Amino acid sequence: MKFHRSSRSVRASGFTLAEILITAAIFALVGGMVFLILNAGMILYAKNTAINSAHQQARSGIDEMLANIHASVSIPQLVGIQSARMIALAPPGLGPASGLIFQKFDGGPFTIAANAIASDDSVDVNVGNYVPKPIMRFNIPSHDIEANIGSAANPIKKSPTLWTVDFVDDAGNSQPIGIDINVDATHPIIGFTTYRVAYLVVGQTFANGSFLGELRYYPIVDLLNTDITTAKNYRVIARNITSETPFRVLLNATGGVDNRSIAAIQLCTAEPQYSNRGFAAVNMFINSFIPFRTKLTNKQ
């Protein structure tokens, strides 16, 4: 028996070039869509992380600031920056401003030890074992006397329990007390010490007009000698602040100062660290009113 090979050729199994190209195109299209979805999710995550980070940092700073200002014994005063130093705003000083300065209680009450006349620039004070900070103010509320104590280098002249408190102004010049002090052993005259602290926004304004800075807390402030470019005695409580002058004084309906609050804060912040894909983080805006709590001084 003879077998004859069929004249019909056997086709080889596999994909044609056209099929491979179509399949590759489909895979590329699906992969591109998946990438776009994942990339959009990563961008959204980065932006949300930026917003949450900025919000939390700024809110923590506001909470800390509120607690400190509640401990103030003076009406806070708005300050600006001039020649790298903090300066009090010129009257009426309503703002907006870069910073806020106020006094905190440190020691007392102390009794005045001897009489003094209006032209004197010092008083004798019984202080016991109290040790002052380098930059202090002395206050005698009954006589409306408030002034700096000496200078930063030599704040007082003292014996073991008695100070001779030298009064000076912010420029370091002797300051007469301006009123007679007549000591009466039956009704002692008392005073107490305070020190200045400040919150200040320090940063840089760019060519496009945008601002980026940090909110600093200065625990002891010497208005004459605190150079913000070289000072080391501060702590940063919030970074990436985009509002250069967030502090202002509130006004009432008649245009006068609102006595229900001592200051208002309008703080904006952004977190550029997380904006690595060309998306600017959304700014956060905080508007906070700081109410009165107590006041033991009449001046700043």
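**Close-up views of the predicted model**

**View 1. Thr194 and its polar partners.** The side chains of Thr194 and Gln103 make a polar contact of 2.4 Å. Polar contacts are N or O pairs within 3.5 Å; within protein, one atom must be able to donate a hydrogen and the other to accept it, and sequence-adjacent residues count only if both atoms are side-chain atoms. This is a predicted model: local features need pLDDT of at least 70, side-chain atom pairs pLDDT 80 or more, while totals for chains, interfaces and linings use all residues. Numbering starts from 1 along each chain as its sequence is written, and side-chain values use heavy atoms, without hydrogens or water. A second polar contact, 3.3 Å, links the side chains of Thr194 and Asn139. Thr194 has 0% relative accessibility, so it counts as buried (under 20% relative accessible area; exposed is over 50%, partly exposed in between; 1.4 Å probe, protein chains only).

**View 2. Val73, a loop residue.** Val73 sits in the loop between H1 and strand S1 (77-82). Val73 is buried, at 5% relative accessible area. The C-alpha atoms of Val73 and Tyr195 are 9.9 Å apart, though 122 residues separate them along the chain.

**View 3. Arg137 without a salt bridge.** Arg137 is buried but has no salt bridge (a Lys or Arg side-chain nitrogen within 4 Å of an Asp or Glu carboxyl oxygen). Glu146, the nearest side chain of opposite charge, lies 4.2 Å away (Lys and Arg count as positive, Asp and Glu as negative; His and chain ends are not counted). The side chains of Arg137 and Asn148 make a polar contact of 2.9 Å.

Note on methods: Helices (H or I, at least four residues) and strands (E, at least two) are DSSP runs, numbered from the N terminus.
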